[in-house]
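Reader: Hi! I'd like to go through this one with you. Could you bring it up?
Author: Happy to, here it is.

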Amino acid sequence: MIKLIAIILLAISTAGAGYFGWTQKKSSAAATEQVAELTQQVEEADKKIEATEEELAASKEKLPALMTKAQELEAVKAAFASGMVLKDLEAAYAKEKKALSTERQLGLAGVRLLTNGTKDPATVEAFQKALEMTDWKGQQKVICAAQNALAAAGEKVKVMSECQPEAGPGKGDSKTGSKGAPSDKAESKDAKGSDEKKNDKKLDKSAQGHAEAQPVHWEYEGAMGPENWGKEFPTCGRGKSQAPLSVKGPYEKVRYSLAPDYKQGQLKIVNNGHTIQVNVPNGSKIRIDGRPFELVQFHFHRPSEEHIDGKPSAMVIHLVHKNMEGELAVLAVMLREGNENPVIKTLWTHAPKNAGSEVLPDGVMFNPASLLPKELDFFHYDGSLTTPPCTEKVKFYILKTQVSISKEQISDFPFKMNARPIQPSNGRPIYSN
Ligand SMILES: [Zn+2]
C-alpha cells in the first residue's frame, strides 16, 4: 500500500513539475535551456520513489485517513485537497532545517499543486526551484512523467513522442533512472564507487559503473548502439560537452601537472559485459593542479576512444578518479601496438573471458602505477562519461606519452570494439601543459 501511494505521489509530483516545465519550455525556451546548462544533475527515479516512500513511511502514523483512502487516485487527490498532506510535509521539512533535496522539492511542489492548484504563487515558486535543481534529462523525464500521468488521469495533454513508449509514470521514471549508467560510467558504476553522487550518490553510481549488470541494456552497435543511446539516456543525445573528442590544436596552455600516488593492493577484476575493469582498493590518489582525487577503477577501450591528430590508438586505459565533491577525472593512457606489455599480461591472465562478477585472484597484488609512462604531460578537456548515462562535467587528461601493447595482447582483449564515436566539440577548448 505504501508503495502504491508512493508511486501515485511520485507520478503526481513529477506530473506537476513536468507540466510546469512543459509550459515553461513553450513560453520560454531560452530560460529552460539556461536551466539545463546550469546543472547536470540527473534525477534517479528509483531514488525518488525510495525517498518518497521514506517520506510517506515517516508520516504514515499521521495519515491514517490517507492510507485507507489511497487505493484510488481520486481518494488521494481528495486528501491532498484538504491540505493535510501539505501541512504535514511542510512541518516535517521545517523541522529538519536543511536545504531540501531535489526529490523533496519536487514532491513538495507536487503536493502544493494538488492542494492549492496552479494559481498559488507558492506552487509556481516551488516548481521553479525544483526545475532549477534539475538538469535537462531530469526535466525531460518529469515532462514525460507529467504528460503520461495527466493523460492517464484523463486530462487533455499532448504527449511528446519521446515520452510515448513509457507506459506509466513509474515505469518511465525507472527506465530513465540511474541504473543505467555504466561505464565510463565507469566511469560509472561499478567500481567501488561511484561516480558522482547526485551529488554524491549519483556520481558514485557512475563511477563504479562498468561492473554490474545494468538493467537498461546498451551496446556499441546496432539498435542499442551509441547513435541510439540518447533515447534511453537523454544526456547522451542532447549533452553539449560529451566525450570522447578528437584531440588537436591549437591548444590552450596550462601550467599545472599531474601527481599520481597509487598504491599496491589486491587485484579485483571484472568483465562487466562492456569492458574489463579493475576495481581499485582505497588509498590510490592523484593530485591534479594540487587537488586530490581518489582512483576508483580503471578499464579498457578498443580502439582508443580519443583520437590524437585524427587517429585512434590500438586501445586506451581509462583511470577513473573521484574527489570529495564527487567530481570525476579520467586519466587516459593510450596504448599503441608494439612490444608485449608485462603489466597487461598480469591483468589478462586474470581477466574473466565472459561477463560475470568481480574476481579476486588469490594473493595477486597490483599497483596501477605500473600502467603509467614516466612522462605525464597531457592534453585536457571537459567531457562526459563515454558510456550511458553520459553524465557531463568529467575532466579528461590524456597522456601524450603512449605505452606499448602487443598485437596478441590486443586480440586477447575480449571486446573487439567498445569505443564510443567522437563527439562534437561545440567549441570546447583543449588544453595542453
Ligand atoms: Zn572509459
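Reader: Thanks! How many helices and strands are in the chain?
Author: The chain has 15 helices and 19 strands. Keep in mind that this is a predicted model.

Reader: Noted. And what share of the residues count as buried?
Author: Of the 433 residues in the chain, 48% count as buried. As for contacts between residues at least 6 apart in sequence, 70% of them join residues at least 24 apart.

Reader: Let's zoom in on a strand. Which way do the residues of β8 point?
Author: Strand β8 covers residues 276–279. Ile 276 and Val 278 point one way, Gln 277 and Asn 279 point the other way, and all are buried.

Reader: So what does β8 pair with on the β7 side, and how many bridges are there?
Author: β7, residues 269–271, runs antiparallel to β8, and three bridges join them. Asn 271 stands opposite Ile 276 there.

Reader: What's in the turn of that hairpin?
Author: Four residues separate β7 and β8 in the hairpin, and Gly 273 in the turn has a positive phi of about 90°.

Reader: And how does β8 run relative to β10, parallel or antiparallel?
Author: Antiparallel, with three bridges joining β8 to β10. Val 278 has Phe 298 of β10 as its bridge partner.

Reader: Changing topic: where are the cis peptide bonds you'd point out?
Author: One joins Gly 249 and Pro 250, with omega about 0°. Pro 250 sits in the loop between β3 (246–247) and β4 (252–253). Another goes from Arg 302 to Pro 303, with omega near -5°. Pro 303 is in the loop between β10 (291–301) and β11 (307–308).

Reader: Nice. Which residues have a positive phi although they are not glycines?
Author: Asp 289 is one of them, with a phi of about 50°. Asp 289 is in the loop between β9 (285–288) and β10. Asn 426 also has a positive phi of about 50°, and its place is in the loop between α15 (407–412) and β19 (431–432).

Reader: Why does Asp 289 count as exposed?
Author: Asp 289 counts as exposed because it has 12 C-beta neighbours inside 10 Å, and the cut-off for exposed is 12 or fewer.

Reader: And Asn 426, how many C-beta neighbours does that one have?
Author: Asn 426 has 10 C-beta neighbours inside 10 Å, so Asn 426 counts as exposed.

Reader: Great, thanks for the tour!

Notes: Residues numbered from 1 in each chain as written. Predicted model: local features only at pLDDT ≥ 70, side-chain atom pairs only at ≥ 80, totals over all residues. Helix = DSSP H or I, 4+ residues; strand = E, 2+ residues; numbered from the N terminus. Buried ≥ 20, exposed ≤ 12 C-beta atoms within 10 Å, placed from the backbone. Contact = placed C-beta atoms within 7 Å. Pairing = 2+ DSSP bridges.
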